[in-house]
Amino acid sequence: MTTGIIFLLLVAGIVLPYWLKTRKRHRTSAGIPAGKGTPASAEPVTLHPKIDLLTCIGCGSCVTVCPEHVLALVDGHAAIVNGVHCVGHSLCADVCPVGAITMGFGSPREGMEIPFYDDNFETNLPGLFIAGELGGIGLIRNAIHQGVKAVDVISGRHSQGDQNRYDIIIVGAGPAGLAAALEASTRGLRYLVVEQTDLGGSILHYPRQKLVLTQPVELPLYGKIKGPEISKEELLSLFQGIVEKASLPVNTGERVQRIQRIYDSYFIQTSTSLYESNNVILAMGRRGTPKKLSVPGEELPKVLYKLIEAEHYQNSHILVVGGGDSAIEAAAALSIQRGNTITLSYRKEAFTRLKDKNQKRITDLMGSKKINILFESQVSAIEPDNVRISVKGGSPVTLKNEVVFIFAGGELPTEFLKQTGIRLRGSDN
């Protein structure tokens with residue numbers, strides 16, 4: 001055996017085991033135990049990056065491009081360090097030069113159920129697509145992309161058919177639904193948008209002047225929506241102008257009650273009509289009906305589930321219930337109004353899912369004592385002039401109160417999806 005071969009065998013025997021051990025250590029220190037995925041404490045709820053550490057070269061491009069600071073370099077490789085803030089925009093995967101990042105779903109938790117769909121946003125039912133917030137992925141630009149992609153897929157399959165039925169029924173007139181409608185117009189498809197409330201969808205529920213768009217996005221027929229920041233009102237006004245100029249067929253105030261597939265058609269029963277369509281795009285958001293606390297007094301008129309104009313509430317004792325971004329933003333907006341006393345009740349021991357901006361905001365408000373926060377607390381009763389709150393490990397609290405805002409999420413349209421026949425992602429998917 002030559003000296004060169006002996007040397008190579010010695011190197012392989014020493015270096016290879018060390019390399020494999022180091023790779024395993026990299027996986028563990030990156031918070032990704034080998035073969036087990038991301039730990040539950042950091043696992044994103046929806047679509048998020050999945051990193052192949054054997055391929056990752058540690059260039060840091062993904063870290064730099066992520067606006068939510070989800071990723072960091074750990075031991076020379078990309079790792080998820082702030083997974084709960086991931087909104088699934090996939091910029092990290094787009095910039096990775098070696099293809100080490102793919103986008104995938106984790107295991108939904110805390111009762112979260114989201115519909116199953118493939119890379120084309122098509123569910124297990126042929127011709128029925130999911131676009132936008134309903135699919136568990138945030139951001140307006142994502143919603144727009146998904147609405148356009150779904151129509152692209154439909155258009156590619158399109159053939160001249162029965163003129164008595166639509167090519168697409170689009171459920172929801174938010175960003176995903178309007179983008180789908182615009183794309184359908186460019187493709188010459190016969191379509192209709194139905195919306196149970198009004199133009200804008202989930203955006204209508206945002207507080208007044210809330211910034212909803214901080215990066216440019218492009219809409220079919222319209223072009224790029226520019227500007228460093230766009231508020232709720234500006235975007236809704238833009239949408240209204242686009243609908244009018246493009247003469248988009250949008251029926252507002254029409255709620256979809258049932259969708260049934262019969263042979264190769266979908267029959268969509270709404271509160272006013274029955275439609276037949278070859279395809280359906282569900283772009284109706286996830287908010288649904290506001291989730292209630294089911295406590296005595298919740299039916300009082302002082303109990304509200306959304307904040308539109310904080311300026312209307314002054315010189316008041318106000319309780320905000322919840323620990324998400326909506327609750328924090330509402331509490332912060334109310335705290336700067338004249339004469340308000342703000343208490344925030346949250347059932348957990350700490351805030352865990354806030355955007356960085358809101359985490360800093362609530363920390364500052366707590367430090368300045370502009371907001372009184374009751375962690376590990378739950379409202380037990382709402383009375384005309386008071387609220388009663390139970391606190392873990394402490395005595396019950398009774399507070400003077402004129403207004404209660406509840407931000408406990410929404411009753412998701414799970415039953416509607418199940419009745420339609422759409423498979424949901426569960427912990428075993």
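Reader: What makes the pair of Asp75 and His77 a polar contact?

Author: A polar atom of the His77 side chain lies 3.2 Å from the backbone oxygen of Asp75. A polar contact is a pair of N or O atoms within 3.5 Å; within protein, one must be able to donate a hydrogen and the other to accept it, and residues adjacent in sequence count only if both atoms are side-chain atoms. The distance of 3.2 Å falls within that limit, so the pair is counted. The model is predicted: local features need pLDDT of at least 70, side-chain atom pairs count only at pLDDT 80 or more, and totals for chains, interfaces and linings use all residues. Residues are numbered from 1 along each chain as its sequence is written, and side-chain values use heavy atoms, with hydrogens and water left out.

Reader: Why is His77 called buried?

Author: Its relative accessibility is 7%. Buried means under 20% relative accessible area, exposed over 50%, and partly exposed in between (1.4 Å probe, protein chains only). His77 is therefore buried.

Reader: Why is Cys59 called partly exposed, and why is Cys96 called buried?

Author: Cys59 has a relative accessible area of 44%, so it is partly exposed. Cys96 has 16%, so it is buried.

Reader: How do you know that the count of disulfides comes to 0?

Author: A disulfide is a pair of cysteine sulfur atoms within 2.5 Å. For Cys59 the closest cysteine sulfur is in Cys96, at 6.0 Å, which is too far for a bond. By this rule the count is 0 disulfides.
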